[in-house]
Amino acid sequence: MAEHKYEPTKWHGMKGPVIGGRDTYQAKSWNPTKKKWGTFTEKGPAPVWFAEANATNWTESMICKTKDLFYEAKLNQCFEKGDEVAIKIHYGEWNRTAILRPEYIAAIVEEVRACGGNPYVVNDTTLSYHTYNSMAISQYQMEGAIRHGYTDATFGCPVLIADGYSGEDDYRVDIPEGLILKETYIGRAIAEADAMIVLAHSRGHSITMYGGVLKQLGIGCQSKRGKYITHLAHWGDPHDAIGWPKFTDKCPGKACKFHKMCDDSCPRQAHHVAEHGKVWYPERCRLCYSCQVTCLFSGMTGIGFEENYFPNAMIAHADAALGALKCFDRGKVGFINCAIDIVPECDCFPWAGLAIAPDVGIFASKDLIALEEATLDAIDNAPVSPGSVAAEKGCKPGDDRFRIVNGFSPRITMAAGEKIGLGTRKYKLNNYEPPLTPENIAKWQVRKGGVVNHRPTTVRLRDVFQKHDLATEVMPFGRTAYEKEWAFNEWKKYDPFKGAKP
Amino acid sequence: MSEVIWVDTTSTSFDNTVQHKLRRLIDASGAAAELSEGMRVALKINTAEEGYDYGLRPEFIRVVADAVTTATRTRPVVCDGLKLIDYWKKAWGNNFMKLASSQGLTTETLGGHFVINGGFSGDEGDSFACNLPDSELGGVEVGTAVCRSDALWVLSHVTLHPLVGLNGALLNGGFDCLIGRARTRLLKSIDPYIFNGQKPPEADLQIFQRRALESHLGVKAAVENKIFFINYLWDVTPQPEFYPFSANPLVANQGFLASRDPVAIDSATLDIIQSEGHFQVQAVTGVDFTAMLKEAGKIGAGETAYTLKRLS
């Protein structure tokens, strides 16, 4: 930890509360970039492990395969015994249904602890993405997390907000390698961890087109300040609209039935409705997307984005991801993508569209770009789910699915990420199929340290039945005059195949 | 003269349990009536260090949290700051939460959102002036959970304290509400954990006591004087909650006090535990808490003279 010096605060000259200021912030924070940070893959394709969705026996449970991949991809070597290990997930917006099930997170927490790490689950606060956002305020976000089943009790470890009570508990990180961003801000619970396992829900995203582990780093690990800068707040000037909302002449003003909701959408009161259109005060705006999302998703077109905004934001979030990665030594971050419930939009949306592909499976790697490429290729090649927006737009297997669904190719992000040293786009996919053996069945069924002991349940029940046999106690069961006609023939009338085997 | 209300532990029955008494105390104080719908209220509590086994019971905090929820129709924030010294590697935000959870202090049990005052690092906060002409500190950095709230209720587990004599409203509603870096600044060279037998020099101690009092004024400014105090005279141990152990309580449980004046409530607390426990705080801690109370009166933190209204 570098020494930091700062001027003493001039308390007596103070008229009111000091809310910081850029110079004050930089003086009291320090750059946590690890000297030993670096791209994980130095040459050749990076190995990525994959286990397909679906299961027909104990060993093929998605939870068991997630645990297996944790070891196959050597994510257990990302940390030493006694290390503080942040498990980065997305807590999900209030009323969101397509989120990662708590079991996946609990599974990784259990294995981190079994390997001697000290796990804790984290997510940062967000900006006010729309009028009723519940992730921008830490209490609201925790209330939503609890509702999703993300609690200390379900995971067996603390569930925290990484950037503090109000999203200001962060570190500034220099990223001279960045293509657009040159600095960003990372939540302290992440920046101060010894190691991190990033567990992402792979699905679409309205701004970055696709969201997986890179999105977890590039936006998820960013504090509020980090998110503003990654949104390209104030990039360019209001006229080119790159880093500003684009107010169009299509706003109907007070004739819009959503105009009150639209006015309420800005936490800085940077716009208000006029008789025809909106009045905008760019000096108050910080680009949180709140007005744009509120307008666009209520079906209106008064406030939008400049066309080149999205590719720029995609490149910027790759830069920001580098900022998060630089808080760790090389190889201290492991990545898992869960391509399950692959819906078109982010977990920060308070709804979920129909999945654009059936569940694909679990991916794990230490190289995040390789992991993302492998996940994207697999999703692109998966069948198109009927009734989904992908089907509506005529998408076929093999097409760049997120480009068709959301507008731009997520490969833009991956290429930018590769260029700045986040990883390699070349990958070698290792298909993992769990062996069906008695040992492998027992491996993840026996809950070490859980409520049961290390023996099979049936063996444990022998002890119970020896003391009190609840079935034998009431036997023989009364069935002397049962309906034989129903048992042998009558039920066949209600099966179209008359009881014949399919 | 400030009013202090005391609900004692006598006359308990099925409809006058200890929790009923606490609720009656809040009602009698009228503090909940001053809250309105939508107000963000922070409840500042003391969380125990690992090894300190007399921590305040979660249900005693929950009664207050429920009263606030009823008044504001919003769940309050229950908070405490990180410990300053990392005995057992518990000063990290994640380990702090884990320890609190193991002691039964969780969002579910407390009835309010349990958070770290100052975030994961303990250093997230804003600066506020102490508004005192001859202030030594000038100002203090108050943790975000406290300073971003509309009102602060200080729920203090009364114990003895090696640096000020008594942990009560003044300390918990002042020094303890600051971010970790600010508390370290205030302590300067003093080791707050003097169970190793090393007592700080008297002069340093007096400087710290004055700073602790001034920081209360900063906290008061942060919440624009919307501040209310409850002192829990329950398991009054010789060691405060930030110690990793404690000896037996010194006096039988005396119930709870409430007031809007931190000096008055701490004065009443001192009088009650000394008379009921037949001991002198100064004799045990070696610190004259009455001198600190007088100093607090001088700087305008409150009044040492009080009227005691007793409920049972």
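Mentor: Start with a loop. This is a predicted model, and in it Lys426(A) sits in the loop that links helix 15 (411–419) to strand 16 of chain A.

Trainee: Does Lys426(A) count as buried, exposed or partly exposed?

Mentor: Count the C-beta atoms around the residue: 20 or more within 10 Å means buried, 12 or fewer means exposed. Lys426(A) has 15 C-beta neighbours inside 10 Å, so it counts as partly exposed.

Trainee: Which residues does Lys426(A) touch, leaving out those up to four places away in sequence?

Mentor: Lys426(A) touches Pro45(A), Ala46(A) and Ala370(A).

Trainee: How do I read a sheet?

Mentor: Strands of a sheet pair through backbone hydrogen bonds, either parallel or antiparallel. Here, chain A has an open sheet of 8 strands in the order 4-3-2-7-14-15-1-16, and the pairing is mixed. Its edge strands, strand 4 (159–161) and strand 16 (427–431) of chain A, each pair on one side only. From one strand to the next, the twist averages 25 degrees.

Trainee: How many bridges join strand 7 to strand 14 of chain A?

Mentor: There are 6 bridges between strand 7 (residues 195–201) and strand 14 (residues 333–339) of chain A, and the two run parallel. As one case, Met196(A) has Val333(A) in strand 14 of chain A as its bridge partner.

Trainee: What should I look at for the chain as a whole?

Mentor: Look at its elements, its extent and its contacts. Chain A holds 18 helices and 16 strands. Its C-alpha atoms fill a box of roughly 90 × 60 × 50 Å along the principal axes. A compact globule of 502 residues would have a radius of gyration near 23 Å, and chain A agrees with that, at 26 Å. Of its 502 residues, 48% count as buried. Among contacts in chain A with a separation of 6 or more, 76% join residues 24 or more positions apart.

Terms used
Residues numbered from 1 in each chain as written. Chains lettered and ligands numbered in written order. Predicted model: local features only at pLDDT ≥ 70, side-chain atom pairs only at ≥ 80, totals over all residues. Helix = DSSP H or I, 4+ residues; strand = E, 2+ residues; numbered from the N terminus. Rg over C-alpha atoms; globule rule 2.2 N^0.38 Å. Contact = placed C-beta atoms within 7 Å. Pairing = 2+ DSSP bridges. Axes fitted to C-alpha atoms, helices over the stretch in contact; angles between N-to-C directions.
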